[in-house]
Amino acid sequence: MASKSFARTALRASKQKAAAPAVPKRSFVSAPASRPVVSRSTRAVAAPIQQQTRGVKTIDFAGHQEQVFERSDWPREKLHEYFKNDTLALIGYGSQGHGQGLNLRDNGLNVIVGVRKNGQSWKEAQQDGWIPGTNLFDVDEAISKGTIIMNLLSDAAQSETWPAIKPQLTKGKTLYFSHGFSPVFKDLTKVDVPTDIDVILVAPKGSGRTVRSLFREGRGINSSIAVYQDVTGKAEEKAIAMGVAVGSGYLYKTTFEKEVWSDLYGERGCLMGGIHGMFLAQYEVLRERGHSPSEAFNETVEEATQSLYPLIGANGMDWMYAACSTTARRGAIDWSSKFKDTLKPVFNELYDSVKDGSETKRSLEYNSQPDYREKYEKEMQDIRDLEIWRAGKAVRGLRPENN
Ligand SMILES: NC(=O)c1ccc[n+]([C@@H]2O[C@H](COP(=O)([O-])OP(=O)(O)OC[C@H]3O[C@@H](n4cnc5c(N)ncnc54)[C@H](OP(=O)(O)O)[C@@H]3O)[C@@H](O)[C@H]2O)c1
């Protein structure tokens, strides 16, 4: 991208930004980053609390009023009081289990982990300080002890283990998910929830590692919350409290259906599948037109991920257009509408494929094959072997931090 006037225009844009009305200050209940990960008891000693009232409840998102729930309304003492009679049984200790489990423990709540004995997760949970017989159990024992059952098994495993889990979800317990996948696509997953329990969702908008790292930084991840079934009349409140307890900063209300449809759609589209397709198409054309691998990679991936995308994330697209050269701006604005018109039918096809269950069917069928890990590894190797990503490895190797 031609960017001769970048510095000048960027300065102007950032001055404009600086002159904009101040956004209300945010703060969250924080656990210091230096906090030890390992805890010896189920109810960990509470970390010092930094509390500040923000009071934002209804936010105008581009002219649409939406209710947003915040961590500041749920200080740690209130969480302790709210969950004083509960045992949070976290089933599965993968990415989300790890992040949510450790945050719950650091928040001083009564949380136990349930995983299959001697599996990979059993070992990892012990490394994180969960103690067999104290707060680490096999799945059945954890469910029997729990009042709120957090099903954080992989989506394929939720379906596979459902016949064994369902009878244990007796009246009075609450079932918690972090993805609407299993109950929404129940015709395919066979996860038909008992009709006499609350069923809630807290879906962090990021990896479990980020759920943990943002909590440790004293911030909080954005999460969606939803209610699938409200038997007690208190399901939504419980979802909000759980959302804060697992380490969310802001909680956005949705439905199980919308959460799963948008999530499957997004990851297949702009978050990964779509962006990978764009990278490949642009790179291949540059290579076919005689550009070197380094030039093709730098102009396709490196400049995007190292410079422009973080700036768009921080400041928005209008700022980005304002901060580039007039040449770049004219062409990018013109071509954006061509790309949009070309891609929109593909995005509609994708949404249909998510909503009618085709994506779920494919995912369940593929991921329940006994050799699915080997098949994925072969696909990952094929991607690693693509020239674009081999060139990328060399480019990344030149970064000072990798030298
Ligand atoms: N990962 C994310 O970024 C993310 C973000 C938001 C929401 N979510 C949702 O959070 C939930 C958990 O996702 P995750 O990514 O944390 O899961 P994951 O890493 O795939 O977790 C796998 C867990 O499932 C267990 N497991 C797998 N097969 C099993 C079986 N047959 N029987 C018993 N246990 C089995 C594993 O235990 P072993 O170690 O013993 O195999 C492990 O503890 C899902 O609903 C997912 O959609 C995930």
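Just after helix H10, Gly247 adopts a positive phi of about 115 degrees. The model in which this residue is described is predicted. Helix H10 itself spans residues 235-245 and is mostly covered, with 9 of its 11 residues buried. The buried set consists of Ala235, Lys238, Ala239, Ile240, Ala241, Met242, Gly243, Val244 and Ala245.

Lys238, located in helix H10, carries a charged side chain. Its relative accessibility is 12%, and Lys238 is therefore classed as buried, the limit being under 20%. When neighbours within four places in sequence are left aside, the contacts of Lys238 are Tyr82, Ile148, Thr174, Asp198, Ile200 and Thr232.

The protein chain as a whole contains 18 helices and 10 strands. Of its 403 residues, 42% are buried. Among contacts in the protein chain with a separation of 6 or more, 71% are accounted for by residues 24 or more positions apart. The protein chain exposes about 21,500 Å², of which carbon and sulfur atoms supply 55%.

An N or O atom in the side chain of Asp155 lies 2.7 Å from a ligand oxygen atom. For Ser95, a polar backbone atom is placed 3.2 Å from an oxygen atom of the ligand. In the case of Gln158, the distance between a polar side-chain atom and a ligand oxygen atom is 3.3 Å. The ligand taken alone exposes 900 Å², and the protein buries 76% of that area.

A separate part of the description concerns annotated positions. The unreviewed UniProt entry places the feature "binding site" at Asp263 and Glu267. Asp263 is situated in helix H11, which covers residues 256-268, and Glu267 is also assigned to helix H11. The relative accessibility of Asp263 is 24%, a value between the limits of 20% and 50%, so Asp263 counts as partly exposed. Glu267, with a relative accessible area of 27%, is likewise partly exposed.

The surroundings of the two annotated residues can be listed in turn. Asp263 is in contact with His179 and Lys205, its neighbours within four places in sequence being left aside. Glu267 touches Met272 and Gly273, again without counting residues up to four places away in sequence.

Most residues other than glycine have a negative phi. Ala62 has a positive phi, near 50 degrees, and is not a glycine. This residue lies in the loop between strand S1 (58-61) and strand S2 (64-70). With a relative accessible area of 78%, over the 50% limit, Ala62 is classed as exposed.

Asn118, another residue other than glycine, has a positive phi of about 70 degrees. Asn118 counts as exposed because its relative accessibility, 62%, is over 50%.

Technical notes: Residues numbered from 1 in each chain as written. Predicted model: local features only at pLDDT ≥ 70, side-chain atom pairs only at ≥ 80, totals over all residues. Heavy atoms only, no water. UniProt positions renumbered as here; feature names shortened; annotations may be inferred. Helix = DSSP H or I, 4+ residues; strand = E, 2+ residues; numbered from the N terminus. Buried < 20%, exposed > 50% of the residue type's maximum accessible area, 1.4 Å probe, protein only. Contact = heavy atoms within 4.5 Å. Polar contact = N/O pair within 3.5 Å; in protein donor to acceptor, adjacent residues only side chain to side chain. Areas by Shrake-Rupley, 256 points an atom, 1.4 Å probe, with all protein chains shown as cover.
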